[in-house]
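Colleague: I'd like to learn how to read a model like this one, feature by feature. Could you walk me through it?

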Amino acid sequence: MLPATFKLCAGISYRHMRNVRGLRKNAIVAIHHELDRLVGPGQSKWMSQVRRRSSLLSSPIREDGYSEEELSYVKQGENALQKAISILGEQEGWTVETVAENGDKVLSKVLPDIGKVFRLEVMLEQHPDSLYEELVGNMEQMGDWNPNVKQVKILQRIGQDTMVTHEVSGDTPGNVVGPRDFVSVRCAKRRGSSCFLAGMSTQHPKMPEQRGVVRAENGPTCIVMKPSIEDPTKTKFTWLLNIDLKGWIPKTIINKVLSQTQVDFANHLRQRMADHVSMEMAHVC
């Protein structure tokens with residue numbers, strides 16, 4: 001049912017399909033039915049909150065002023081978000097990959113037609129708004145504080161929620177994984193006090209494959225930030241990661257690299273946010 005649902009959603013991104021009577025309504029209804037099936041009778045509080053904000057799942061896409069290419073990017077981003085929400089809504093079948101001393105946890109599971117996905121779960125001291133501003137508003141500065149990322153460049157913006165980016169990975173210890181780059185469409189949304197940043201691989205005329213760099217693929221990926229129930233000033237931070245690094249790399253090495261990358265990311269993000277606080281206090285003094 002899940003692949004069929006997303007084929008239906010993807011269909012409305014094509015111009016000749018947009019005017020088919022009732023297709024958009026059927027796509028929205030199908031998503032809600034799929035969420036009901038995935039969550040089951042004992043649905044989690046997290047999924048309840050997402051489903052109550054139904055505008056996240058069914059917000060109309062404004063077609064006026066967008067080219068067919070731009071609408072295609074917008075729909076790709078929306079589809080990445082829908083897929084990621086469905087995956088995160090599946091509470092069973094996750095295997096623990098690693099648990100850090102501070103409680104940061106990475107889980108994984110293998111999904112049909114997608115492959116292995118990783119799920120980082122951490123608690124951060126900052127409010128989701130501050131983290132969203134850093135990860136979305138200051139996206140191109142990520143290479144300044146995350147050594148696993150050499151560069152992030154925004155190739156194109158479409159409206160308020162969608163952008164196409166080019167990312168170049170940093171060096172791994174011992175150069176276990178050589179240079180990789182990604183071209184991704186990203187969908188950034190804020191609904192109430194929760195923030196979402198989803199993405200998946202795409203193609204863009206401004207960034208063909210580069211000589212000497214392996215073009216890897218990702219998606220669906222998604223970062224979800226929502227206030228902690230115990231302390232609303234803190235953030236429950238969840239990052240769904242799915243990457244195909246390409247090349248002849250043993251799966252055991254890939255799994256270790258990706259899970260460690262997620263743990264490292266959380267630590268680098270903590271340090272980045274702590275540095276902001278230090279600079280603000282210095283200015284006050």
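Modeller: Gladly. Let's begin with confidence, since this is a predicted model. Over residues 12-21 the pLDDT stays under 50, and the model has 13 contacts there beyond four places in sequence. Residues 34-43 also have a pLDDT below 50, with 17 contacts in the model beyond near neighbours in sequence.

Colleague: How should I read such stretches?

Modeller: As a general idea, where pLDDT is low, the predicted coordinates should not be read in detail. For the chain overall, the mean pLDDT is 82, and 73% of the residues reach 70 or more.

Colleague: Let's turn to strands, then. Is strand 6 mostly covered or mostly open?

Modeller: Mostly covered: of the 12 residues in strand 6 (residues 180-191), 11 are buried.

Colleague: Which strands pair with strand 6, and in what sense?

Modeller: Take the partners in turn. Strand 5 (residues 162-169) runs antiparallel to strand 6, and seven bridges join them. Within that pairing, Val164 faces Val185 of strand 6 as its opposite residue. Strand 7 (residues 194-201) is also antiparallel to strand 6, with eight bridges, and here Cys187 stands opposite Ala198. Strand 8 (residues 214-215) runs parallel to strand 6 and is joined by two bridges; Asp181 is opposite Arg215 in that pair.

Colleague: What links strand 6 to strand 7 in their hairpin, and which residue has a positive phi there?

Modeller: The hairpin has two residues between the strands, and Gly192 takes a positive phi near 65°.

Colleague: And how do I read a side chain within a strand?

Modeller: The general idea is that in a regular strand the side chains alternate between the two faces of the sheet. For a case to study, look at Glu167, which is found in strand 5.

Colleague: Is Glu167 buried or exposed?

Modeller: Glu167 counts as buried because its relative accessible area is 9%, and the cut-off for buried is under 20%.

Colleague: What polar contacts does the Glu167 side chain make?

Modeller: One joins the side chain of Glu167 to that of Ser184 at 3.2 Å, and another joins it to the side chain of Arg186 at 3.4 Å. Leaving aside residues up to four places away in sequence, Glu167 touches several others, including Gln151, Val152, Phe182 and Asn218. Asp181, the residue opposite Arg215, is also among those that Glu167 touches.

Colleague: Now for backbone geometry. What should I expect as a rule?

Modeller: Most residues other than glycine have a negative phi, and most peptide bonds are trans.

Colleague: Where does Asp113 sit, and is it buried or exposed?

Modeller: Asp113 is in the loop between strand 2 (105-111) and strand 3 (115-124). With 75% relative accessibility, Asp113 counts as exposed.

Colleague: What about Lys246?

Modeller: Lys246 also has a positive phi, near 65°, and is a residue other than glycine. The loop between strand 12 (243-244) and helix 9 (251-284) holds Lys246. Its relative accessibility is 29%, so Lys246 counts as partly exposed.

Colleague: Which peptide bond here is cis?

Modeller: Look at the bond from Gly219 to Pro220, which is cis, with omega near 0°. Pro220 lies in the loop between strand 9 (217-218) and strand 10 (221-227).

Notes
Residues numbered from 1 in each chain as written. Predicted model: local features only at pLDDT ≥ 70, side-chain atom pairs only at ≥ 80, totals over all residues. Heavy atoms only, no water. Buried < 20%, exposed > 50% of the residue type's maximum accessible area, 1.4 Å probe, protein only. Helix = DSSP H or I, 4+ residues; strand = E, 2+ residues; numbered from the N terminus. Pairing = 2+ DSSP bridges. pLDDT = per-residue confidence, 0-100. Contact = heavy atoms within 4.5 Å. Polar contact = N/O pair within 3.5 Å; in protein donor to acceptor, adjacent residues only side chain to side chain.
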